[in-house]
Amino acid sequence: VLAVLPTGGGKTFVFANIIKKHGAPSCAIAHRQELVGQISVALARCGVRHRIIGPKSVVRLIVNLHMAEVGASYYDPSSSHAVAGIDTLVRRAAELGPWLNSVTLWVMDEAHHVLTGNKWGTGASMFPNAKGLGVTATPLRADGKGLGREFDGLFDEMVEGPGMRDLIDMGFLTENRIFGTPNDIDRSAEAVR
C-alpha cells in the first residue's frame, strides 16, 4: 500500500502507530540519517523498543535523541522491530539473514523512490514474508515512472489522506505564508524570442 499525506501531515506518526499495533517483526526504512532518527524517535514516543541498523555513530546519535525527546532509550539491538537506512540495510543483508525472514511488515519513508530495479526495490525484496507500506507526500516521480506494481514500482493500492488545505482548515497545519524577493526588474527593453 502506498499512503499519501502532505508534508507535515503526520506520515511518520501514522506509520509508527501502525508498527506498534502490528506487533510482529517490522522494519522502517529511510534514505537519510536524519529521517532514520526521526522514525526512531517516533517509535520511541510510541513505546516501541527497536534496533537501529546503521553505523555505531548514528546509533549513538539517535540514542541521544531518544534521551532528549522522551527521557529514555528505546534502542534494543535484539528487538524484532528495526529502523534502517536503506544503504546500510542492503550492505548488511548477509548478517541479517534470519531476522529478514521473520519480518512481516516493511515501511518505506519517501516511497516515491521505490522501484523494482533500484536499491529500494532490493531492500523490499530482502523481506520475503512481509507486506509493505510506503509513505510519501509526492507520489508522482519526475522521471514519469509509475509506483504501481503494473509499472515500475511495488505498490498495489494507493490511499490518499486529507490534503494540505484540509489539514489547514482542520487546524493541524498553519496557513501558508510565502516570502519572496521584490520583482521590480524592468524587462520591457528585452527582445522576446
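How many aromatic pairs does a search of the whole structure find?

1. The search finds two aromatic pairs, a pair being rings of Phe, Tyr and Trp (its six-membered ring) with centres within 6.5 Å; planes under 30 degrees apart count as stacked, over 60 as edge-to-face and the rest as tilted. In the pair of Trp 99 and Phe 127 the ring centres are 5.9 Å apart and the planes stand at 85°, so this pair is edge-to-face. Because Trp 99 belongs to helix α5 (residues 93-102) and Phe 127 to the loop between α6 and β6 (131-136), the pair ties together parts 28 residues apart in sequence. Both Trp 99 and Phe 127 are buried (buried is under 20% relative accessible area, exposed over 50%, partly exposed in between; 1.4 Å probe, protein chains only).

2. This is a predicted model, in which local features need pLDDT of at least 70 and side-chain atom pairs count only at pLDDT 80 or more, while totals for chains, interfaces and linings use all residues. Residues are numbered from 1 along each chain as its sequence is written, and side-chain values use heavy atoms, with hydrogens and water left out.

3. Ser 40 is placed in helix α2 (residues 33-45); helices (H or I, at least four residues) and strands (E, at least two) are DSSP runs numbered from the N terminus. Ser 40 is buried, at 0% relative accessibility. Leaving aside residues up to four places away in sequence, Ser 40 touches His 50, Ile 52, Ile 62, His 66 and Val 83 (contact means heavy atoms within 4.5 Å).

4. Glu 110 is not a glycine, yet has a positive phi of about 55°. Glu 110 lies in the loop between β5 (105-108) and α6 (119-125) and is partly exposed, with a relative accessible area of 23%.
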